[in-house]
Amino acid sequence: MDFHRHILAFATLAGKNLLRRVVRTSLAVTGVALAVAVAVSLAGFVKGYHGAITRSIDMLGFQVMVMAKGCPYEAATMMLKGGTGLLYLPDSIYTNVATDTGVASITPVFIGVAEKEQTSIQDDGAGSFIVVSGIEVPSFTTMKPWLSFQTGTGFDGGRWFTTDTEVTKEAPENIKQEVVLGYEVAEYEQRKVGDTIALTITPSGAVSSETHEYTVAGILSRTGTQDDGTVFMPLSSAQRIFNRPSQITVVGVKLKEFSSQAIRQFEERWISLPEVQIVGLQQVKSTLLNLISTAQAMIGAVAVIAIVVAIIGVINTILMSIHERTGEIGIMKAIGASRSDIFELIWYETLALCLLGGLAGIIVAYGGSGIIEFMLRHLIELGVQGEIVVISPGIIGLSLGGTVLVGFFAGLYPAWRASSMRPLEAIRAGE
Amino acid sequence: MSYSLNHPSAEEPLIVGRNLTKHYRRGSETVRALDGVDLSVATGEMIAIVGPSGSGKTTLVNTVACLDAPTEGSLIINGIDTRGLSEDALVAIRRGFFGFVFQKFYLLPTLSVAENVELPLLFLRRNPSRRTTLALLETLEIASRADHLPRELSGGQMQRVAIARALIVKPKVLIADEPTGNLDSATSDSIFDLFEDLSHQGLSIMVTTHNLPLAYRASRVVTLQDGKIVKEESRKG
Ligand SMILES: Nc1ncnc2c1ncn2[C@@H]1O[C@H](COP(=O)(O)OP(=O)(O)O)[C@@H](O)[C@H]1O
Ligand SMILES: [Mg+2]
């Protein structure tokens, strides 16, 4: 008898046995289906949520900043010190760090502090300073892809400034320089696109201050970060007006891999540079990662409990069914079934229960993922973008494989029990 | 369905049982279900086992058919000494050599008549042929029921299906324990007609029964009492 015919015949026999008690079989299958649906949904959630958090981390912009030792990097600190605390690095540091293989993107930033014109009646002491950032637009916007310009009356036509390399024909003093304003600066100073804004700056080494006039090329949408309170201008313009050629304040870095290990390794590679400190988003990162792993552990525990309960249900169903069929199993042995034949038969029944349940569970989870996503979003403020329940082919494959494996083990005991029955005792017990 | 007498030496019995003894423990006492029985079975012989209830008929046929191991004594089947063999080895001996029919027919309720009949072939790893199955059902006069489920049959028909299931593997010996116990007398008669036919075709049959007139249709009648053979009558012809 050919092998596949034999398997088919056994599988048919097993299937017919299962159909004998439709209600009981359905209950066992439903149990498995629910467990698998829960496990698949949870795995999909973990995967989706992980992806969403990774995307959110990308939105943080700089994951790591390279700056001079002791240099403040929070806007408030800079303000309090009136810019006097700012320390600078040679821009060779930037070109050095840019060669690091772990770096995904990198951008140099010059930060200075200007005094504002005393035009607004709302001005107070702290408000009389304003942060000026000199940036390289292409790499800066790569790092912060969400930056966009405000639209609407007075804001339309917003764009990044033309860099001064494009206008070197004239003496710098004669060029009408352009700036881009952060959302709050524009609001506070009541500026629109095309307006002028004056910044008063004390260049390095000078005693008296100089006032420069700029045209507002664009106004950024609100970001909720300290960029909102910043005036952006080309890196080279900032270096020139502060009289710090070839100097920068911060090198912003985004790593290819965002993990504490990657950050630590990056630190180890560059901490040897003299006078340099490396500031990572340590707390943010470790909190996030801890949250994820705690959630994963909880979710894993729930899935395991569901699966264990379902397995117990399956084993119980099969044990009940072999108990009922004691006489039949005896007769099958009498008419020539070997131990392994009976084992195979019962084992197929268990496997079929698990597989059916697994398939049903996956379909339920797949169909229900939209609903789960909707409910989660409405029940909890997740603070992440994009899909949070992602049921990938990988998860489907894994859960199918898992149910087969579970069926394999769940079937062992009932199959062994049935195959160990002595034919005669089985026939007698069935009488 | 026909049985050819193709056994190499017709004088050598198919089964030789010597001093077959089976003790059961029931609490503190020992039940001697079989007590030193000598019995051999030759090709084409029909042996009826009779005796009161509890006299050891079932124990005897089960022991002879290797479904149960004797406590004492030797059993040689087709030249093979069965003493101390594992269950799997006994399965191998039983398979294709014995056919079984029980008082309660034990058909699988989920399988059709034809599928029930073909079931042993599955365990023997032989390909079933529906034509052979139908021919067999034809000789048992139940071919029209081939696609019915067992619950749609009468008791006599079910027993015929069980007999067909026993015969499909072309056994040498048919073991029938009270095959007519659940059947009316006309149906019982027809089953014994069938047994007689089969034994004339070369099949050995061991049948237990309470029905003495039926028993005396056999070529040999063995009477048991308290696990011992008390009478053995042979009929020539
Ligand atoms: N499994 C068993 N355990 C204990 N005693 C048994 C068992 N099987 C049979 N017996 C006893 O052995 C004796 C013979 O039984 P059995 O062969 O069934 O007789 P019969 O078929 O002639 O009615 C009876 O006394 C019965 O109670
Ligand atoms: Mg009996």
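Colleague: How much area do chain A and chain B bury between them?
Modeller: About 2,800 Å², with 62% of it on carbon and sulfur atoms. Buried area here is the accessible area (1.4 Å probe) that two parts lose on being put together, summed over both. This is a predicted model: local features need pLDDT of at least 70, side-chain atom pairs count only at pLDDT 80 or more, and totals for chains, interfaces and linings use all residues. Side-chain values use heavy atoms, without hydrogens and water.

Colleague: How many residues does the contact take from chain A and from chain B?
Modeller: 30 residues from chain A and 28 residues from chain B, contact meaning heavy atoms within 4.5 Å.

Colleague: How many salt bridges across the interface of chain A and chain B?
Modeller: Four, each a side-chain nitrogen of Lys or Arg within 4 Å of a carboxyl oxygen of Asp or Glu. Asp341(A) and Arg125(B) meet in a salt bridge at 2.6 Å, N to O.

Colleague: Which elements of chain A give two or more residues to the side that touches chain B?
Modeller: Helices H1 (3–20), H10, H11 (339–379) and H13 (423–429) of chain A. Helices are DSSP runs (H or I, at least four residues), numbered from the N terminus. H1(A) gives the most, with eight residues.

Colleague: Switching to H10(A), how many of its residues are buried?
Modeller: Nine of nine, across residues 326–334. Buried means under 20% relative accessible area (1.4 Å probe, protein chains only). Among them are Glu328(A) and Lys333(A).

Technical notes:
Residues are numbered from 1 along each chain as its sequence is written. Chains are lettered from A and ligands numbered from 1 in the order in which they are written. Buried means under 20% relative accessible area, exposed over 50%, partly exposed in between (1.4 Å probe, protein chains only).
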